[in-house]
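Thanks for coming, everyone. Please look at the screen while I walk you through this one.

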Amino acid sequence: MPITREAVEAALRQYTDPHLDQDPVSAGCVRSIDINGDRVSVQLELGYAAGLFRSGWAQMLAMAIENLDGVSRADVQVDCLIKPHKAQEQLPALANVKNVIVVASGKGGVGKSTTAANLALALAREGARVGMLDADIYGPSQGIMFGIPEGSRPQIRNQSAFVPLEGYGVQVMSMAFLTDDKTPMVWRGPMVSGALLQLITQSIWNDLDYLVVDMPPGTGDIHLTLAQKVPVAGAVIVTTPQDLALLDAKRGVEMFNKVNIPVLGVVENMAVHICSNCGHVEHLFGEGGGSRLAADYHVELLASLPLSMAIRSQADAGKPTVVADPESQIAMIYQDMARKVGARISQGGMGASAMPNIVISDD
């Protein structure tokens, strides 16, 4: 029996891409199928960064095709092509930035900045060109986590534009690079919003696939400014299982829903503590909160991370887990999270409706 395209597609349909939650045919990843006698060549294209995944994925699919009668050899090539997306169609794209990802939380102290740093580094390890914008004007910390020496300043071009600094292959821009580390940001909301817009629009980003924005906690002026002025592809919500954190995280999800920015998923930090001496497992902040939040809003639980001294100490030392211990189990969780975030953006496209005007009255 001759080998048919239908038979090859049927073999591919047996396997589900764990990040797209679809088989490659249904997900529209198949670019070509060439049959030459008893040899088959397939070219797939993923819309998200998957440098650490694609080789194993290609081998698995090639084996499935080689199990077909009459196939002596199958070659599967998997490429990654990251396209631009934005939720607010009415906003112009940022220069040299394809996708803006905001990382937010309803309250402080839940590990948002550490998650944002590891997300950016994980995307870079997957082969993407990545930038990090520290939008937490009042408490910028990304410079420290990316190992950028204290006192470093960005170059200024044309007397108005900043050249981001670089840490571990990621382009980084932060208000901390423009002020003294002991200078408090005693600013009112409009000043903070203006500073954020300047950081985003006056930074010379160099061909980014993803710009990760570390947002301040809460749902205030900066968040509304970002929703109105910056073309965002999606938001990641960070929480802990604690009831109080979940309550604030829900407000964060609701806020992004109101301004039509898709929530890509939830990251649950401090989900479980494992005693380093005896191995005893304790849910110090409650159990299953991230899963319930994700289920309530019909989004994905992107990752559930333990309460780990290593995550904290590595970030404080200026070398987050993804680069400090890239083969560790925790680093692998971050890598899987990064691929899922990219996959959700690739599936979201430009489908969100235009954002409504926000009107504040005196009544």
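Start with helix H3, residues 112-125. Helices and strands here are DSSP runs, numbered from the N terminus: helices are H or I with at least four residues, strands are E with at least two. At 1.5 Å a residue, the 14 residues of H3 should span 20 Å. That expected span is 1.5 Å times one less than the number of residues. The end C-alpha atoms of H3 are 20 Å apart, which agrees.

A word on the source: this is a predicted model, where local features need pLDDT of at least 70 and side-chain atom pairs count only at pLDDT 80 or more, while totals for chains, interfaces and linings use all residues. Residues are numbered from 1 along each chain as its sequence is written, and side-chain values use heavy atoms, with hydrogens and water left out.

Back to H3. How many of its 14 residues are buried? The count is 12, so H3 is largely enclosed by the rest of the structure. Buried means under 20% relative accessible area, exposed over 50%, partly exposed in between, with a 1.4 Å probe and protein chains only. Among the buried ones are Lys 112, Asn 118 and Leu 123. After H3 comes Gly 127, with a positive phi near 105°.

Leu 123 takes us to Ala 50. The two are 73 residues apart along the chain, yet their C-alpha atoms are separated by 8.2 Å. Ala 50 sits in the loop between S2 and H2. It counts as buried because its relative accessibility is 0%. Leaving out residues up to four places away in sequence, Ala 50 touches Cys 80, Glu 126 and Arg 339. Contact means heavy atoms within 4.5 Å.

Now the sheet. It is open, has eight strands and mixed pairing, and runs S8-S9-S5-S10-S4-S11-S12-S15. Two strands pair if DSSP finds at least two bridges between them. Which strands stand at the edges? Strand S8 (165-167) and strand S15 (301-304) do; each has a single partner strand, so one side of each lacks a neighbour in the sheet. On average, neighbouring strands are turned by 25° against each other, direction ignored.

Look at S4, residues 97-104. Seven of its eight residues are buried. S4 pairs in the parallel sense with S10, over six bridges. There, Val 97 stands opposite Leu 208. S4 also pairs in the parallel sense with S11 (residues 234-239), over four bridges. On that side, Ala 104 stands opposite Ile 237. Helix H11 (residues 329-348) packs on the sheet, touching S4, S10, S11, S12 and S15. The direction of H11 makes about 170° with that of S15. Such angles run from 0 to 180 degrees between N-to-C directions, with axes as lines fitted to C-alpha atoms, for helices over the stretch in contact.

Next, helix H1, residues 5-12. Val 8, Ala 11 and Leu 12 are buried there. They cover an arc of only 100° around the axis, which puts them on the same side of H1. The arc is taken from the directions from the helix axis to the C-beta atoms. Their cover includes strand S1, strand S2 and helix H2.

Last, confidence. pLDDT is the predictor's confidence in each residue, from 0 to 100. The chain has a mean of 85, and 85% of its residues reach 70 or more. Over residues 349-363 the pLDDT is below 50.
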